[in-house]
Amino acid sequence: MLTWLWQYIKPYQSRLILAIVALVATSALTLSIGQGIRLMVDEGFAAQSFEGLSQALSLFAIIVVALATGAYFRFYMVSWIGERVVADVRIDLYRHLVSLPPSFFEDNLAGEIQSRVTTDTTLLQTVIGSSFSFALRNSLTFIGGLTLMFVSNIKLSLIVLAVVPFIVFPLIYFGRKVKALSRESQDKVASVGAWAGESLQHIKVVQAFTREDMVLNQFSQSAEGAFDVALLRIKQRAILIALVMVLVMGAIAGMLYVGGSDVLSGQLTGGELSAFVFYAIMVAGSLAAVTEVYGEVQRAAGAAERIQELLATHSEIQSSASVPISDHAINLSNQVIEFNGVNFTYPSRPDHKALVDFNLQIKQGERVALVGPSGAGKSTLFDLLLRFRDPQSGSIEIEGQNLKHMNLQQLRDAFALVPQQPVLFSANVWDNLRFGAPDASEEAVIEAAKAAHAHEFIMQLPQGYQSFLGEQGVKLSGGQKQRLAIARAILRDPKILLLDEATSALDAQSEHLVQNALNDLMKGRTTLIIAHRLATVAHVDRILVMDQGALVDQGTHQQLMQTSALYQRLAQLQFDVKHLQ
Ligand SMILES: Nc1ncnc2c1ncn2[C@@H]1O[C@H](COP(=O)(O)OP(=O)(O)OP(=O)(O)O)[C@@H](O)[C@H]1O
Ligand SMILES: [Mg+2]
């Protein structure tokens, strides 16, 4: 863990050195307070001298001021490094996460990943920003204090050392128990949080199915579980506290008895005894402190390991050399997209082929529609084109370049996607529309919104384009979300347009209007449209009929009505439904 952390701490070496200097200085100064106490007792009280007392107190004041200054620098620098390192780790982690392919997020729970980014890094922060310095400081105090104890009085030191095991072992024993239980109780609390999060996020479904009681029940069960575990921990802790009091105070009393007898018999001055008690308390305290943070450091080591693991997950989708997609003049004789014998299986469903021996050529500027039953593999085709996944065999080429040999970013820059589920961010309309084209001017945004027939409803929102759309755009209707997703794609002005059921949530009239806008947008632009409603794709250059991962027929609407049994069936069903209406 340390070698891994070092690479993050290394850039801040000068601050680290300052922190260590301050740390050593404050430890030394803390211990020198013992001498201040000795002077105060011997020169002040014992000598009955006001002068001695005030001298001792002035020395004391100087030490305290120096100590405070040192503590200020120590705390500031150490905390600064802790916060800085964690910010760097978080950013690194997030940078890595956004580069991972979608499949990673299907196999790993979002909550899990989030806790890596937040909880685990926070744990690291506690350790770097406080526990390390705390442990180091206390170790120094321990060593220094012990040395001073022996230097000042060997007999008393040996007595203290003999008592130590009787104090330390019970402390470690109960301390371990408490630690294990607090770990468990943290996990319980986390599961309480997860329950609350999920059920509140889907509150509509919970309420619509009137499952409030069930959800509440489950929630209170986990809350009660957390309480029970906490209770066990509290009991152990209570015993621990009582035990510490008896043991520590007993030890001090014993020491005072032996030391006090020596003072009475004149073998020791009162000041020496006071200083010794001070050192002994410091030593005991620092020992307890070190064992306390030991568990914390261990937990942080676990967290660091999990973070390292996540950082080491390697993406199977690797970007290659930069091969930009050219700005070809519209030329229907140019091949743009080519699928050659593509076979694809989702790793989570190894026995089911999502695409089977798939061959397809699409020309520059061609408008192609994909139709077929649900689950035929249409959206999967888009995923492969955007290289969210790689086919197991066969190749996909754009302008004669295998996708695998292209630069990922340049490849994706050529596309605009309107996904099957419109995605909006918790931001305002401006930001959401500019998501694919951050530099677009205000006029361009409004124009795109008008083209997608979104401008009108945007203007009716409380703050127009400034309106905040809520998490995942909850403040909009399904059709409104879809129009924003289309406007976003229009604004991006891509070379290749991918529409996955882009108008499925619109009413007939807006669909007609948006369809017109899309037709304008599609002109001369290579476009792939997935649609269930055949009427919306009747005018494209070519319709591909897919079934169970295979391309079964292709042609124009008229041709397919003659030649494709599946297409006829799909058309027939839709025609019948229309008839009924
Ligand atoms: N992430 C995934 N993991 C495993 N299997 C998947 C995944 N996504 C899709 N599938 C499966 O792959 C097949 C093709 O899915 P795809 O989403 O491409 O269908 P589609 O043609 O777009 O259907 P629809 O018209 O309903 O959107 C389906 O059988 C589906 O269950
Ligand atoms: Mg789909």
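This is a predicted model: local features need pLDDT of at least 70, side-chain atom pairs count only at pLDDT 80 or more; totals for chains, interfaces and linings use all residues.
Let's start with helix α2. It covers residues 13–46, which is 34 residues. From first C-alpha to last, α2 reaches 49 Å. Just after α2, look at Gln 48. Gln 48 takes a positive phi of about 55°.

Next, α3 and α9. Helix α3 is residues 50–99, and helix α9 is residues 270–312. Two packed helices are described by the angle between their axes and the distance between the axes. Here the axes come within 9 Å. They cross at roughly 35°. The crossing of α3 past α9 is left-handed.

Which residues meet there? From α3, we have Val 89, Asp 92, Leu 93 and His 96. From α9, they meet Ile 307, Leu 310 and Leu 311. By type, this contact divides into five nonpolar residues, one polar and one charged. An α-helix has 3.6 residues a turn, so residues three or four places apart point the same way. Keep that in mind as you look at the α3 side: Val 89, Asp 92, Leu 93 and His 96.

Now bring in helix α5, residues 110–152, which holds Arg 116. Is Arg 116 buried or exposed? Arg 116 has 20 C-beta neighbours inside 10 Å, and the cut-off for buried is 20 or more, so Arg 116 counts as buried. Its contacts, leaving aside neighbours within four places in sequence, are Leu 93, Arg 306, Ile 307 and Leu 310. Leu 93 is on the α3 side of the crossing, and Ile 307 and Leu 310 are on the α9 side. As for the pair of arginines, Arg 116 and Arg 306 are 190 residues apart in sequence. In space, C-alpha to C-alpha, they are 7.3 Å apart.

On to helix α8, residues 212–264. It has 53 residues, which should span 78 Å at 1.5 Å a residue. Its end C-alpha atoms are 74 Å apart, and that agrees. Buried residues in α8 are Ala 226, Met 255 and Gly 259. What covers the buried residues of α8? The cover includes α6 and α9. Just after α8 comes Gly 266, with a positive phi of about 80°.

Helix α6 runs over residues 154–201, and Pro 170 is found in it. Pro 170 counts as partly exposed, because it has 16 C-beta neighbours inside 10 Å. Pro 170 touches Leu 243 and Leu 247, not counting residues up to four places away in sequence. For a sense of the distances in this model, take Pro 170 and Asp 553. They are 383 residues apart along the chain, and their C-alpha atoms are separated by 79 Å.

Now the cores. The largest nonpolar core has 70 residues. Which members touch the most others? Ala 369, Ile 486 and Ala 487 do. Helix α15, residues 478–492, gives the largest share of this core, seven residues. Take Ile 486. Beyond four places in sequence, Ile 486 touches Val 418, Ala 452, Ala 502, Val 514 and Leu 518.

Leu 521 is placed in helix α16. With 21 C-beta neighbours inside 10 Å, Leu 521 counts as buried. Leu 521 touches Ile 490 and Leu 497, again not counting residues up to four places away. Leu 521 and Asp 493 are 28 residues apart along the chain, with C-alpha atoms separated by 8.3 Å.

Last, two backbone points. Glu 501 has phi near 55°, a positive value in a residue other than glycine. Glu 501 is found in the loop between β7 (496–500) and α16 (508–522). Glu 501 counts as buried, because it has 20 C-beta neighbours inside 10 Å. Asp 357 also has a positive phi, near 40°, and is not a glycine. Asp 357 is found in strand β2, residues 353–363. With 15 C-beta neighbours inside 10 Å, Asp 357 counts as partly exposed.

Terms used
Residues are numbered from 1 along each chain as its sequence is written. Chains are lettered from A and ligands numbered from 1 in the order in which they are written. A nonpolar core is a set of buried Ala, Val, Leu, Ile, Met, Phe, Trp, Tyr and Cys residues joined through C-beta atoms within 7 Å. A residue is buried if 20 or more other C-beta atoms lie within 10 Å of its own, exposed if 12 or fewer, and partly exposed in between; C-beta atoms are placed from the backbone. Helices (H or I, at least four residues) and strands (E, at least two) are DSSP runs, numbered from the N terminus. Two residues are in contact if their C-beta atoms, placed from the backbone, lie within 7 Å. The expected span of a helix is 1.5 Å times one less than its number of residues. Axes are lines fitted to C-alpha atoms, for helices over the stretch in contact, and angles run from 0 to 180 degrees between N-to-C directions. A crossing is left-handed if the near helix is turned anticlockwise from the far one by less than a right angle, and right-handed if clockwise. Ala, Val, Leu, Ile, Met, Phe, Trp, Tyr, Cys and Pro count as nonpolar, Asp, Glu, Lys and Arg as charged, and the others, Gly among them, as polar.
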